[in-house]
Amino acid sequence: MEKVKISSVHQSSNRSANKFSHGQSCDELSKLDLAQLQAKLKTSSDGLSQTDATQRLAQYGPNELVEEKTNLLIKFLSYFWGPIPWMIEAAIILSALAKHWADFFIILVLLLSNVLVGFWEEHQAGNAIAALKAKLANKARVRRDTQWQNLNASELVPGDVIRMRMGDIVPADARLLNGDPVEVDQSSLTGESLPVVKSAGETVYSGSIIRQGEIEAIVYATGANTFFGKTAQLVQGERTASHFQRAVLKIGNYLIMLAAALVLLIVIVALFRDDPMITTLQFALVLTVAAIPVAMPTVLSVTMAVGARLLAKKQVVVTRLAAIEELAGVDILCSDKTGTLTQNLLTLGDPFYIENSINKGSAEQVILYAALASRSENNDPIDLAVLQSVKAEQHLDSYHIEHFQPFDPVSKRTEAIVKNADGKTFKVTKGAPQVILALSVNIEAVKTAVEASIDEFAARGFRSLAVAKTDEQGKWQFIGVLPLFDPPREEAIQTIADAKEMGMSVKMVTGDQVAIARETASKLGLGTNILDASGFGATEHHQTTQLDDSIESADGFAQVFPEHKYHIIDVLQHRGHIVGMTGDGVNDAPALKKADCGIAVSGATDAARSAASIVLMTDGLSVIIDAVKESRKIFQRMNSYAIYRVAETLRVLLFMTMAILIFNFYPLTAVMIVMLALLNDAAILSIAYDNVHYQNKPETWNMRLVLGIASVLGILGPIAAFGLFYLGDKVFELDRPHLQTLMYLLLSVAGHLTIFLARTRGPFWSIKPSAILMVAVFGTQVIATLIAVYGVFMTPLGWGWALAVWAYALVWFFINDGLKLVAYRIFDPTEAPLLEKS
């Protein structure tokens, strides 16, 4: 079904004002009588002329909320700003000051590559949702120059006369003109489960759907001034930094402080030694290059981008890459009820029936008579629910409907004159219980039992529909009550169970009554602790600790308005939870934007899609479980890379600093450092495709664990490196150029082997690495070995020493793996169970 093309945004100042040139606000226009409204809008039931419409379009702007897009150049330049880019840029400046032009250009290429990859991946993700939204267009039947025309909804202006019929989406806020009442589905705006009846003079809002009837209306508000637009504007404002962004900043700050401390230490020592300033500057350059996690933003972005493409194959569109990491950490999932947890399709429960001469004690007979008072072509949800419950053996087609009176808001019932197969004629009716009771001659005999059954159904969250039939004297006899409810989706119960098993708590959020919410929650296996949101009061601030405790412990929330949803999310976030929110309507948009991971379900309005970080393209929530599993695997890959990157930076920093302080010797040249970065970072991108196991609990960045394990591996590296340095310098008395090549090869080989340590909590063989990771790592190390053996930009080492370095690195690899297991037991003794392989 098509949706109105509207998304949350800022409008230009001349279009955002909620005033018309005639001085009347939109809210006031919605309350005027029709004659006054037409006078204010300078229009009539014949609509506007094309000339007037063109002028008003220029004055008020299109009937859409044009998405505010960041300037691409500014977006691109933003990738040069931040702690890690600053480190790279500092290295470039130092290279220029030291006149190391080869280093200057190599590091500059690394910086530009990092920026281009990050920018491109985000841009591609943005294009995915843009392409999705491009399919969402809407047409409107408009009267211009006294002729009916089909125009784009974006061309509507205040004063236009439009015609809407069953199935149409209301394209703008409008007042109904004279005509029969229509049924309007406002669930996307208000969360109401059932359509409401609207008559001439009443307001229909943009984004709602005409479920029954046909009528003309006069447009009085478009674009940002509609109810739809005002609600969408609640989602304005910048998102707070994601947990992923904060984690990258913490890692970057850790490395910056470490590098700064070591550089300062060396500068102080150099001053005491009276080293030439240019030598000190060169070292500062080398150490800065060594400290830069050049590819960290790129690798993490690519890892998430690869995951986003995998999720897209499962009909999950990611609109913000960081949302993948957020989804992995979600521990509370707030889900909209209607259409998400339930089918948004009315269904009959077991009827209550009266035994009398009309009905011989059969629930099926009550359904049959109700079906005869229904008509499928009206597409009324209640009629359809009744008709679908009739059993085939009751032969509905054997009855002939001689006259059918549809439901109207005055009589509150339907009625049909029916002739059966024997030629006998009778009447049947269905409608509001009190109306049908008042109509029935047996009211005194059945009233107490009927009202008791209605109260029982209401307590269980069911809506009651009464049925009556005429007897042989033509008098109405009350025969039964049909309970109506919106059944849970078949897969929702299993999805909720799976979510709980994976450590996520699911809370239902609905605009329905408490009784309905409690019954639905019970059927879904959520629990029955339902909080009435109407009692929240003002939601601009946290009320009391008691209320916040209630929100945190509740299984669901009833009678919820948009501001309540936002408040619920806010409370849960302040309690330290990472909150996911699913929704489909404009009323869900603010909460979707506020949530750590907003999820727009299938069929969501454009405003909901724009506010969400993830858009589901298939019905129901079952795909969310797949998305959570995939996101947790992606998180594991990012976590592995973070440990590896910090460990490698520490290894090089500590080794070089100690070598200069103790031996007054530069163990690596700047070119060697840059080559290490090039080869390591080129191969490590393949970690995005690695095999991983996900944990059966929400994933969050544990910086104590990441930095702790990385520090252990980073400290063990220099110990091994100095062991080989001692052998080469003191035992085999290699000259300094050969020693530099020897150390370069060790740092390259041992460094890349570290990724096999960082990627598992258990022994390195506990999870088989992917083929692409193996090829990438060993492929680059073959290149590094050839460079060292044949002396590309360094002194040739020869095959004998190269093989010795490999053997030495492998021995330390096994030692480090054992010490890593000990470190995990110290830093994180409670290891969560790991599940299936990706």
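**Before you start**

You are looking at a predicted model, so numbering starts from 1 along each chain as its sequence is written, local features need pLDDT of at least 70, side-chain atom pairs count only at pLDDT 80 or more, and totals for chains, interfaces and linings use all residues.

Rings of Phe, Tyr and Trp (its six-membered ring) pair if their centres lie within 6.5 Å; planes under 30 degrees apart count as stacked, over 60 as edge-to-face and the rest as tilted. By this rule there are 18 aromatic pairs.

Next, show Phe 457 with Phe 462. Their ring centres are 6.3 Å apart and their planes stand at 40°, so this pair is tilted. Phe 457 is buried at 5% relative accessibility, and Phe 462 is buried with 8%. Buried means under 20% relative accessible area, exposed over 50%, and partly exposed in between (1.4 Å probe, protein chains only).

Helices (H or I, at least four residues) and strands (E, at least two) are DSSP runs, numbered from the N terminus. Is Phe 725 buried or exposed? Phe 725 is buried, with a relative accessible area of 2%, while Phe 663 is partly exposed at 32%.

**Stop 1: the nonpolar cores**

Select Ile 614, Leu 668, Tyr 744 and Leu 746. These have the most contacts inside the largest nonpolar core, which has 113 residues. Such a core is a set of buried Ala, Val, Leu, Ile, Met, Phe, Trp, Tyr and Cys residues joined through side-chain atoms within 4.5 Å. Helix 25 (residues 622–663) gives the most to this core, 19 residues. Another core lies apart from it, of 28 residues, including Ala 554, Phe 557, Ala 591 and Ala 604.

Zoom in on Tyr 744. Leaving aside neighbours within four places in sequence, its contacts include Leu 668, Met 672, Leu 679, Ile 787 and Met 794. Contact means heavy atoms within 4.5 Å.

**Stop 2**

Switch to cartoon view and look for the open sheet of 8 strands, in the order 10-24-23-22-11-19-21-20, with mixed pairing. Two strands pair if DSSP finds at least two bridges between them. Strand 10 (316–318) and strand 20 (530–532) stand at the edges with a single partner strand each, so one side of each has no neighbour in the sheet. Neighbouring strands here are turned by 20° against each other on average, direction ignored.

Inside the sheet, 4 bridges join strand 22 (residues 579–583) to strand 23 (residues 597–600), and the two run parallel. Gly 580 stands opposite Cys 597 in strand 23.

Axes are lines fitted to C-alpha atoms, for helices over the stretch in contact, and angles run from 0 to 180 degrees between N-to-C directions.

**Stop 3**

Move to the open sheet of 6 strands, in the order 2-1-3-9-4-7, where pairing is antiparallel. Its edge strands are strand 2 (147–152) and strand 7 (203–204), each pairing on one side only. Strand 1 (residues 139–144) is joined to strand 2 by 6 bridges, and Arg 144 has Gln 147 as its bridge partner in strand 2. Helix 3 (residues 34–41) lies across strand 4 (173–176) and strand 9 (214–221), at about 50° to strand 9.

**Last stop: two positive phi values**

Stay with the loop between strand 1 and strand 2 to find Thr 146. Thr 146 is not a glycine, yet its phi is positive, about 65°. Thr 146 is partly exposed, at 44% relative accessible area.

Finish at Phe 793, in the loop between helix 29 (771–790) and helix 30 (799–827). Phi of Phe 793 is also positive, near 65°, and Phe 793 is exposed, with a relative accessible area of 65%.

Conventions. Heavy atoms only, no water.
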